[in-house]
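User: I am new to this structure. Please walk me through it in short questions and answers.

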4 protein chains.
Amino acid sequence: MTITQPDLSVFETLESEVRSYCRGWPTVFDRASGSHLYDEDGHAYLDFFSGAGALNYGHNNPVLKRALLDYLERDGIAHGLDMSTTAKRAFLETFRDVVLRPRGLDHKVMFPGPTGTNAVEAALKLARKVKGRESIISFTNAFHGMSLGALAVTGNAFKRAGAGIPLVHGTPMPFDDYLDGQIPDFIWFERLLDDAGSGLNTPAAVIVETVQGEGGVNVARPEWLRGLADLCRRHDMLLIVDDIQMGCGRTGPFFSFEEAGIVPDIVTLSKSIGGYGLPLALTLFRPELDIWEPGEHNGTFRGNNPAFVTASAALDTYWTDGQMEKQTLSRGEQTEAALRSIAAEHAHAGAGFRGRGLVWGLTFEDTERAAAVCRRAFELGLLVETSGPESEVVKLLPALTVTPEELDEGLRVLARAVRETD
Amino acid sequence: MTITQPDLSVFETLESEVRSYCRGWPTVFDRASGSHLYDEDGHAYLDFFSGAGALNYGHNNPVLKRALLDYLERDGIAHGLDMSTTAKRAFLETFRDVVLRPRGLDHKVMFPGPTGTNAVEAALKLARKVKGRESIISFTNAFHGMSLGALAVTGNAFKRAGAGIPLVHGTPMPFDDYLDGQIPDFIWFERLLDDAGSGLNTPAAVIVETVQGEGGVNVARPEWLRGLADLCRRHDMLLIVDDIQMGCGRTGPFFSFEEAGIVPDIVTLSKSIGGYGLPLALTLFRPELDIWEPGEHNGTFRGNNPAFVTASAALDTYWTDGQMEKQTLSRGEQTEAALRSIAAEHAHAGAGFRGRGLVWGLTFEDTERAAAVCRRAFELGLLVETSGPESEVVKLLPALTVTPEELDEGLRVLARAVRETD
Amino acid sequence: MTITQPDLSVFETLESEVRSYCRGWPTVFDRASGSHLYDEDGHAYLDFFSGAGALNYGHNNPVLKRALLDYLERDGIAHGLDMSTTAKRAFLETFRDVVLRPRGLDHKVMFPGPTGTNAVEAALKLARKVKGRESIISFTNAFHGMSLGALAVTGNAFKRAGAGIPLVHGTPMPFDDYLDGQIPDFIWFERLLDDAGSGLNTPAAVIVETVQGEGGVNVARPEWLRGLADLCRRHDMLLIVDDIQMGCGRTGPFFSFEEAGIVPDIVTLSKSIGGYGLPLALTLFRPELDIWEPGEHNGTFRGNNPAFVTASAALDTYWTDGQMEKQTLSRGEQTEAALRSIAAEHAHAGAGFRGRGLVWGLTFEDTERAAAVCRRAFELGLLVETSGPESEVVKLLPALTVTPEELDEGLRVLARAVRETD
Amino acid sequence: MTITQPDLSVFETLESEVRSYCRGWPTVFDRASGSHLYDEDGHAYLDFFSGAGALNYGHNNPVLKRALLDYLERDGIAHGLDMSTTAKRAFLETFRDVVLRPRGLDHKVMFPGPTGTNAVEAALKLARKVKGRESIISFTNAFHGMSLGALAVTGNAFKRAGAGIPLVHGTPMPFDDYLDGQIPDFIWFERLLDDAGSGLNTPAAVIVETVQGEGGVNVARPEWLRGLADLCRRHDMLLIVDDIQMGCGRTGPFFSFEEAGIVPDIVTLSKSIGGYGLPLALTLFRPELDIWEPGEHNGTFRGNNPAFVTASAALDTYWTDGQMEKQTLSRGEQTEAALRSIAAEHAHAGAGFRGRGLVWGLTFEDTERAAAVCRRAFELGLLVETSGPESEVVKLLPALTVTPEELDEGLRVLARAVRETD
């Protein structure tokens, strides 16, 4: 593929130095459809990145697009704060009927503002208010957001340093399989809780991702999650599952924690909940936790009605039966097989892989290899990003709607990129 | 107007108790156009609320709508994180050419996530990073957002209590005309800065709204703003103007600080910057402050491309010449005249009013009167909300595109609502 | 006076750079009696510093000395934590009978550790525990101690910077006469408390010195103190008077707040309470505030029994009648007359003075003059130190037992030192 | 022994509920000598508590007493802030010649205020200032003091709760042998430090006790301490050894860390450094860390000259040769043998013991047994206290000057108290 030098000047002169993805993918994208993006010169890119998990149903999914266009054309409410609207009612009813009830969940739904970090901020506020305690337990390599509340429970030192103040009230515990693989789960965490002399401020809640996407595709085992839920119950801590990236089917079932059979007290959703990449976020919690006063937390864009429309359409289209989950697990097996083969081919480079559903990570002994693979993949027309504290993991997040052929193509390009960076 | 009992059940059973606007306006809105919303029974409501300032160009503005539909129909990028896209380039160029250059501003543009609180969090982070200090000065009755960083510089005690942790690193100073009207501006603030024994942690920055919308429509005089800018300069503090509600023409000029002739170091924009009520936010700062590392602050929805499209269309349509500013000031005069008349009529109830451009507040001696007026206005088909720490101010935020007739109608309904709550 | 070069080598090589008084008074003191110190070469120094207020009864006061020697000789308990001892019982009974009962106070007595900062830490802990709030109001130029709790309510920027962490949970308010002398007392403070939108975290307590010794000999008027006590009562804040330097008769009455006729909720005492310069501190509080659990605050040296012995002897000797108070006020008048004369003589240098009882400050337009005066006074055999945020005040703290002749002598030396630094 | 009901009324009516030791030992002590205290009725108590470690040389040690009386009689300086005095010079020279130089230490000496918590506050301030970081690592069951800085690195939940604010900037790590005895030392700590995504704020320093006295007589192995020192070196963290209770010979050598062969960056000393139970504390640090500004940390009683006198006498008497260390280790063996025998006799009650030098702990399966043993011991004329987070350890701290006969007697009383609480 030949890439004409794109006109990036306004980005380079006007946009802040904080910009990042555009640096790794130095082209100007113009349109997109399904699993492909197209730049302004018409080059196609196969997308194994999916808006960092915000595009589980692919770009401009035609079913959602039709619903959105219809809504806009008929002058449906575009912006509604938390006024009652027909679009919001439809979403709430659909979410209840398609997501909550079939899973036996009676959680209340809060619209905390349309981004993941808003959802996490609301979850932490509520947990602290309910328990009357300040301290939150998070996990090594957690990623929960960039506003100060969420950042304090995020692991990445570089992101944390951006706060400009010391981040407090959060304490990290080891995520599953963090240490030597020999140490019993939660031995340290539980000892701290049991010991009145441990120095740990009694936590209001624990916040966890079932798979740490930004943290390096670290996968918690179902039994570890069950152990954690049990620990929370025994020690009067609320369990918050941050399902912003792993929810909405990314790991197979709608919620990533379903496989473990646990029921979190609080769940955050964002990214793909809107379905079309439009900003939307939810904070769900057990009804007995709903001690909010009216307006105690708010936000101008918490009623992003176009996103309600696409969200409802996505749930109606993909989640009324078990097809999507089955398909994701099947695509996951296809991915795993390809990664196993890549890893075997590059055993000399210490290649390894891990994942679940349609989130996978590929690692190498040399921590800088991942970035090289992503760079080469871009040149070959495949979008993949790195993750992990040292950007040492190639992270694969194809759309859940990817076809087996597209998946195969992307994995072959990936294999080539690995080979060509050896 | 007769209102059939709307079906609110799913809101009442499933949505969290935190919901607020829907309580004051107990109907289900379905569509909207210009200055009117329509509920599902077809009742029309004249909107003097404008999405809390997010709909300066009215609901479903046809020019913006056309641009948005075209973009969606042609499969333009819907979600792009901070990838370079043609929609983003167009926005940046338009913003530069229409907003920045004509005002002699060379600020860099950051997309901090699509909500106001994201923009404030980014502004505070950057100020702290640049100055290497933690402390921020805010003002009495300030409102900057609900995530922990922004909430710490927000005045409202009820919102602050929601944090669940003690909010620190922020110190309030008196806003313009806060005390007895006799005390020289900044006498306390400057004395604290001058006195090495004052106990004030040296601030990194000052964050201010030129008109405090949520705080009760408190209007800072231009000379007070100039005094503040001067104080910041003399004491090495960055000046952050939070123009989220008052920017985008609400007070007349594009930026609300233009009248004062000051140039803030950092500016936050959100609400109406997207034009169509779609989530978008900007943090602007002088180029020498752009010390961000790539990715040091990020957010999934920071590249809300449909909002770039409507934002560009709004700038192109309304801000290439001085018409919009003139029109807003003219509508403001019309509003002021009507409010003067209402206040005169209700002098016995201590009625007063204040405002600038198209943001106005109406107050009464009895602090509960404002809520009563808003309730009655709703019954009469007019949407207005209260603001202020005790919800003691009727706040008027008509669309900037309101016609003189609509404005007149709404002000007459308001007058009637005041009369009928006497 | 000729001063042989003293052997200061071990101080300069072994003691930390943090040492301070020894730098201004470069000699090695060996013994002391009454208002005089003697260095190892036998030079006498008249002491108008009194151990920063810890030696109100002079050095090695013979009555106290006898009691102390007797106690030590008979093997009285030297160290007792908070065990009951005969020396402690005698002190408690004496303190009750001589200090508390005659003043109608029913405060409980806590031994928080033997230093002022311990007493302040205990006071703040208790106030926070009682009120369930974190925030404390302090005043500009307050000085309360060097441990982190006390330092957070101390004004001096240089001392605060030593913390190495951002000091939070404290907010400064203007001390009496801090601004232009026109602004009504507490107008800002009360407005913040009244306004639910002010952004001030509701305070648990207010901590105040009636005269700010370290802060520059700033004297609060009785009516200001009464206003403050009234404000605390009306706004449910505890009033803590830090009487560590101004208590034990420094301003005339035993407690410095007696003149104002107020009864603080909590009082801290240290410095001269031990009488002989031995470490001792008390935290006093209204009985209904005594919600401490046994051992919730402790400290190894809180039962410094030798100090109990000298403390009891001092109370018995000086405080069973009103003589000491009268004498202090008389000495104060003598001091004031001399300072008035000095100020008149140096009106061209903007000389001013202020004080109460036996704490006085002398200031000059040139903020560096105070240090020069102290240096010259030392050469002339008089020990006086500076205070204030810029060390711009010559602070006089003679022993309360100073004779009129000694006082006269010292004031004449001071006058000469002022003259010789013109 | 028969105990007449002592007159405790003033303690019960006037002293705060916070008092603690006096509750367990309900008598009024009057005088003391060597290893014995006597109450006002003349009953003798053998003291295995030693002022919580502040009386290593016994009560009213005759050599120290003579020096103290001489000093007071000749009107030596009683109170000197940080003025140079002959007593202070003598102490500094003695400390240098007897303690520092023979151990090859070139640490600077700071007098931070006369209590342990002052010494810890100064150590933490300096570490933060030197490293420019806020975070401190402490250990489970650490005890460092009651002022806010020291309390934040103290483990006990009950003490921490007394703060009334959330304690932050400290993170606990597992002390030696805290978990299952299988987990490699520092595996968790080092992983957090190595992983840029761990969420641990980079620490300025680590603070540790070599034996946790208050925490339950938990003894760190020399190899664990060496591992810790090595970890600090490799990760640019300062190592602070809090030797307040374990220093001054309690474990055998003068400093408790000598056995491990490590050299801490900062050392705190208090309790027995004054020798006679008079308040005194030191903060020692490597000369390159001495970046204090003059007066940046201070304290009224930091120059407690009578304590300098007894401190010098103690060093001169006991530490100029290796006798004291040998004797302590020998007494330790005697103690250990007795405890082994007690534990063997009470194996059915899960009795265990641990300790080093002359600090020993005795534990039982039933955590309430320790308190019962201490109560019975008191009735039998022996003073011992409990320690540990649940007061589950009988802690033995006899004077280092205890005779073998006294030690034997006390251990026999202890054995009887254990038997009689079976």
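User: How many residues does the contact take from chain C and from chain D?
Analyst: This is a predicted model: local features need pLDDT of at least 70, side-chain atom pairs count only at pLDDT 80 or more, and totals for chains, interfaces and linings use all residues. Residues are numbered from 1 along each chain as its sequence is written, chains are lettered from A and ligands numbered from 1 in the order in which they are written, and side-chain values use heavy atoms, leaving out hydrogens and water. Contact means heavy atoms within 4.5 Å. The counts are 106 residues from chain C and 106 residues from chain D.

User: What area do chain C and chain D bury between them?
Analyst: Buried area is the accessible area (1.4 Å probe) that two parts lose on being put together, summed over both. Carbon and sulfur atoms carry 61% of it. The total is about 9300 Å².

User: Which residue of chain D forms a salt bridge with E40(C)?
Analyst: A salt bridge puts a side-chain nitrogen of Lys or Arg within 4 Å of a carboxyl oxygen of Asp or Glu. The count between chain C and chain D is ten. In the bridge of E40(C), the closest N and O atoms are 2.3 Å apart, and the partner is R89(D).

User: Which helix gives the largest share of the side of chain C that touches chain D?
Analyst: Helices are DSSP runs (H or I, at least four residues), numbered from the N terminus. The largest share is seven residues. They come from residues 86-100 of chain C, helix α5.

Definitions and conventions:
Helix = DSSP H or I, 4+ residues; strand = E, 2+ residues; numbered from the N terminus.
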